[in-house]
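Thanks for coming. Please have the sequence and the structure open while I talk. I will go through a few places in turn.

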Amino acid sequence: MKHAYLIIAHNNRRILEILLSMLDDIRNDIYLHVDARSKLLDDLNVTLKHSHLYVLRNRIKVSWGTVSQIKTEYALFKSAYSNGPYSYYHLLSGVDLPIKSQDYIHHFMNDEKREFIGYAQGKHADDDCTSKVQKIYLLTKFVRAGDPFFNKIVYRINIILSNVLYFIGLKQNIGGGKRKGPNWVSVTQECMAYILEKEKEVLSEYKWSLCGDEIFIQSLVWNNPLLRSRLYCVSNEMKGCLRAIDWNRGAPYTWQIEDYEMLIHSDKLFARKFDEQHIDVAEKIRDAILYRSGDVGADKLEYRNNIKLASNKSL
C-alpha cells in the first residue's frame, strides 16, 4: 500500500524542491499546502517522474501558534484520506528532508505497523501543555506579524492577557489527559481515520489554545487505548516520531554541512530544519541517498536547476 506525504510550506523554495525530488517514488503520493500569503507557488517548478502531486487549491493563511495550523493539517489529512487508503501518512514541513531512502522507509514502517508520534517528557512539559490548552490566547495571530522587537512585545502581552483572563475565571473547559510533542508525525490509516473523526471536537477545543498543533494528535492517540498501545516509543520524544530535530542549539537549529555525517548515520527517518542559506548540506544528503538507493542518474540531478510544474490534481 502507498504512503502519503503531507507537506506544509511557506518559504525556502529550493529546500522544498529537494524534498519533493527525494519523495518522488511510485509508492508515494504527495500533498502540498502553501500558505495563502506566500508566493512560493509562483516560482516553484517541479517535475515528478513517479509520484502524484496534489496541490491544495483552498489555501489557508497560517499564523504561528493558532488554530489555523490545526486547520491546515486537517485540510491535508482530508485531502489525502479521500484518495486512500494509505499505509502511512507522513506530516512534514517544507524545510524537512528524509535522511533515509524510500526503500528503507517503506520497509521499516511496513514491518513495524506502529504510530510514530513524539511525546515530550517531564513535569515542565505537562504544565506547559495544560497552560496552553486551558488559558485563552487572544493575540497569538499577531505574535509573528511584525519585526522581531514588535513580536516580542506582542508575545509578552499575549501571555500576560491570558494569565489575567485565567485569574478572573475565563478559561477553556478542556478535559484532562492532554499530552504534547512535535506536530510532525507518521501515522497509519486507522489512526488517521480516528483523527478525522474528531475534527469538529478538536477545532472547537483548540480554538484559543497556544500551539495546539503540538497537542491535539498526541492527546487523541494517548487517550485511545488501542492507538496508544501501538505507539513506537513514548520515553524519547524524537525517537517516537523518528525525526532529527535539535532544540538545544536553536528553535529549532538549522542543519549545516558539518552535521552531514551525523544526519546520514542517524537512526531517524526525517530531519528538520534546513534552509537555503545552508543548501549544501541538503544537496549532499539528497545526492547521497538517491545514489545509494539507485534512483538517481545524471538526469535526476537536474532537479536542482530544471524544475517544471507537474501537478496531477489540484484540490
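A definition to begin with: helices and strands here are DSSP runs, at least four residues of H or I for a helix and at least two of E for a strand, and they are numbered from the N terminus. One more thing before the details: this is a predicted model.

For background, most residues other than glycine have a negative phi, and most peptide bonds are trans. Asparagine 12 has a relative accessibility of 11%, and so counts as buried, because the cut-off for buried is under 20%.

Leucine 242 also has a positive phi, of about 60 degrees, and again is not a glycine. Its loop runs between α11, residues 237-241, and β7. With a relative accessibility of 3%, leucine 242 is counted as buried.

Now the peptide bonds. Glycine 84 and proline 85 are joined by a cis peptide bond, with omega about 10 degrees. Proline 85 sits in the loop between α3 and β4. Another cis bond runs from arginine 272 to lysine 273, where omega is near 5 degrees. Lysine 273 belongs to the loop between β8 and α13, the helix at 279-292.

Next, the strands. In general, strands of a sheet pair through backbone hydrogen bonds, either parallel or antiparallel. Start with β4, residues 88-93. How many of the six residues of β4 are buried? Six of six, so this strand is mostly covered. Tyr88, His90 and Leu92 point one way from β4, while Tyr89, Leu91 and Ser93 point the other way.

β4 pairs with β1, residues 3-9, in parallel, through six bridges. Within that pairing, tyrosine 5 has histidine 90 as its bridge partner. β4 also pairs with β6, residues 186-188, this time antiparallel and over three bridges. Histidine 90 turns up again here, opposite serine 186 in β6.

There is also an open sheet of three strands, in the order β5-β8-β7, with mixed pairing. Its edge strands are β5, at 96-98, and β7, at 243-244, and each of these pairs on one side only. β7 and β8, the latter at residues 270-272, are parallel and share two bridges. Alanine 244 stands opposite alanine 271 of β8.

On to the helices. α1, residues 13-23, is mostly covered, with nine of its 11 residues buried. Among the buried ones are Ile15, Glu17, Ser21 and Leu23.

Two packed helices are described by the angle between their axes and the distance between the axes. What angle do α3 and α7 make where they pack? α3, residues 67-82, and α7, residues 189-197, pack at about 125 degrees, with axes 11 Å apart. That angle is why α3 is called oblique to α7. The residues in this contact divide into seven nonpolar, one polar and one charged. On the α3 side they are Tyr74, Phe77, Lys78 and Tyr81, and these meet Gln189, Met192, Ala193, Ile195 and Leu196 of α7. The crossing of α3 past α7 is left-handed.

α7 has other neighbours. Its buried residues are Gln189, Cys191, Met192, Tyr194, Ile195 and Leu196. Besides α3, they pack against β4, β6, α8, α9 and α10.

Last, two single residues. Is asparagine 158 buried or exposed? It is buried, because its relative accessible area is 1%. Asparagine 158 lies in helix α6, residues 148-167. Apart from neighbours within four places in sequence, asparagine 158 is in contact with Tyr137, Leu138, Leu139, Thr140 and Val143.

Glycine 177 comes in the loop between α6 and β6. At a relative accessible area of 38%, glycine 177 is partly exposed. Its contacts, again leaving out neighbours within four places in sequence, are Ser219, Trp222 and Asn223. Leucine 139, one of the contacts of asparagine 158, is 38 residues from glycine 177 in sequence and 26 Å from it in space, C-alpha to C-alpha.

That is the end of my list.

Note on methods: Residues are numbered from 1 along each chain as its sequence is written. This is a predicted model: local features need pLDDT of at least 70, side-chain atom pairs count only at pLDDT 80 or more; totals for chains, interfaces and linings use all residues. Side-chain values use heavy atoms; hydrogens and water are left out. Buried means under 20% relative accessible area, exposed over 50%, partly exposed in between (1.4 Å probe, protein chains only). Contact means heavy atoms within 4.5 Å. Axes are lines fitted to C-alpha atoms, for helices over the stretch in contact, and angles run from 0 to 180 degrees between N-to-C directions. Angles under 35 degrees count as roughly parallel, over 145 as roughly antiparallel, 65 to 115 as roughly perpendicular and the rest as oblique. A crossing is left-handed if the near helix is turned anticlockwise from the far one by less than a right angle, and right-handed if clockwise. Ala, Val, Leu, Ile, Met, Phe, Trp, Tyr, Cys and Pro count as nonpolar, Asp, Glu, Lys and Arg as charged, and the others, Gly among them, as polar. Two strands pair if DSSP finds at least two bridges between them.
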